[in-house]
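Please look over the sequence and the structure before reading on. The paragraphs below are meant to be read beside them.

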Amino acid sequence: MTTNRDGRAPLGDRRVRRTQKALQGALIELVEERDLSRLSVADVAGRAGVSRSTFYDHYRDVHELAEAACTVMIDELIGAVPGPGAVSEDPARDAPQKLLAFFTTLAEHAGLYRALLGPSGSARVIDHIRRRATAAGYAGARQARGKATVGATVEAAGEAVRQGDGDPHDVPAAFAAGALVGVAADWLQRGCPRTPAEMADLTWPLFTALYRRD
């Protein structure tokens, strides 16, 4: 297999994408069965039907694989979360519905997110969620002030996060992001005792209180 200078397989290779998809799918299955901290490279490789050396062609360890497997899902989740000033014909209806979609997706993959956000989970994944949520909140605040469209600002802020250029320094956005991660993690660790609809109804007033203007 052709590799890059860092020893990794080139991302554009169709076979590489197929192998990575198999590894990510295997991880998602396995974390529904046991804690992320108890998974080994051999476990994931075996479930995916590849060798350990093939695993290391793509990822350094299980945590890096977990981050890769969850990045797209996380970005889609964060994109569903309403920010301050979100444009809608009926924000009182649409914003809670977006939070409902967020908590519903968490519940559908509860084992995965419980493992990643729990005490023995992945600090890298938690940091990714926090930074992406901060960027989304920052974008919503700018849109509410009329400085940019929310979509354009989310993309710009998100790209800065992906490129490692740092987070926008927005205290309310960072506060909301940290709170959202904390609420989600607590709910998952308790076994999702409330329904996603109840979580959306309880969380939305906290968002509106944070961004309320006199």
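What follows goes from the whole chain to its core, then to single helices, aromatic rings and salt bridges.

The model is predicted: local features need pLDDT of at least 70, side-chain atom pairs count only at pLDDT 80 or more, and totals for chains, interfaces and linings use all residues. Residues are numbered from 1 along each chain as its sequence is written, and side-chain values use heavy atoms, with hydrogens and water left out.

The protein chain has 10 helices and 0 strands. Helices here are DSSP runs of H or I with at least four residues, strands are runs of E with at least two, and both are numbered from the N terminus. Along the sequence, the pattern reads α-α-α-α-α-α-α-α-α-α. The chain has 214 residues, and 40% of them count as buried. Buried means under 20% relative accessible area, exposed means over 50%, and partly exposed lies in between, with a 1.4 Å probe and protein chains only.

Contact means heavy atoms within 4.5 Å. Among contacts in the protein chain with a separation of 6 or more, 65% are between residues 24 or more positions apart.

Which residues have the most contacts inside the largest nonpolar core? They are L27, L36, V44 and L106, in a core of 48 residues. A nonpolar core is a set of buried Ala, Val, Leu, Ile, Met, Phe, Trp, Tyr and Cys residues joined through side-chain atoms within 4.5 Å. At least two residues of this core come from each of α1 (14–30), α2, α4 (62–80), α5 (91–108), α6 (110–117), α7 (123–144), α9 (171–189) and α10 (196–211). The helix that gives the most to this core is α4, with 9 residues.

Helix α2 covers residues 41–48, and its residues V41, V44, A45 and A48 are buried. Seen down the axis of α2, these buried residues fall within an arc of 95°, so they line one face of the helix. The arc is that of the directions from the helix axis to the C-beta atoms. As a general point, an α-helix has 3.6 residues a turn, so residues three or four places apart point the same way. With neighbours within four places in sequence left aside, V44 is in contact with L23, A26, L27, L30, F55, V62 and L65. Just after α2, G49 has a positive phi of about 75°.

Helix α6 is mostly covered, with 7 of its 8 residues buried. These are A110, G111, L112, Y113, A115, L116 and L117. In helix α7 lies Y138, which is partly exposed at a relative accessible area of 23%. Y138 and A174 are 36 residues apart along the chain, and their C-alpha atoms are separated by 8.3 Å.

The aromatic rings come next. Rings of Phe, Tyr and Trp (its six-membered ring) pair if their centres lie within 6.5 Å; planes under 30 degrees apart count as stacked, over 60 as edge-to-face and the rest as tilted. By this rule there are 4 aromatic pairs. In one of them, the ring centres of F102 and F103 are 5.2 Å apart and the planes are at 80°, so the pair is edge-to-face. Both F102 and F103 are buried. One aromatic cluster is formed by F55, Y56 and Y59.

The structure also holds 8 salt bridges. A salt bridge is a side-chain nitrogen of Lys or Arg within 4 Å of a carboxyl oxygen of Asp or Glu. One of these joins the side chains of E29 and R47 (3.1 Å, N to O). E29 lies in helix α1 and R47 in helix α2, so the pair ties together parts that are 18 residues apart in sequence. E29 is partly exposed at 44% relative accessibility, and R47 is partly exposed with a relative accessible area of 36%. E29, E33 and R47 are linked in a network of salt bridges.

Another salt bridge joins the side chains of D13 and R15 (3.4 Å, N to O). D13 is buried, at 19% relative accessible area, whereas R15 is exposed, at 53%. The side chains of R190 and D186 also meet in a salt bridge (2.9 Å, N to O). Here R190 is exposed, with a relative accessible area of 59%, and D186 is partly exposed, with 38%.
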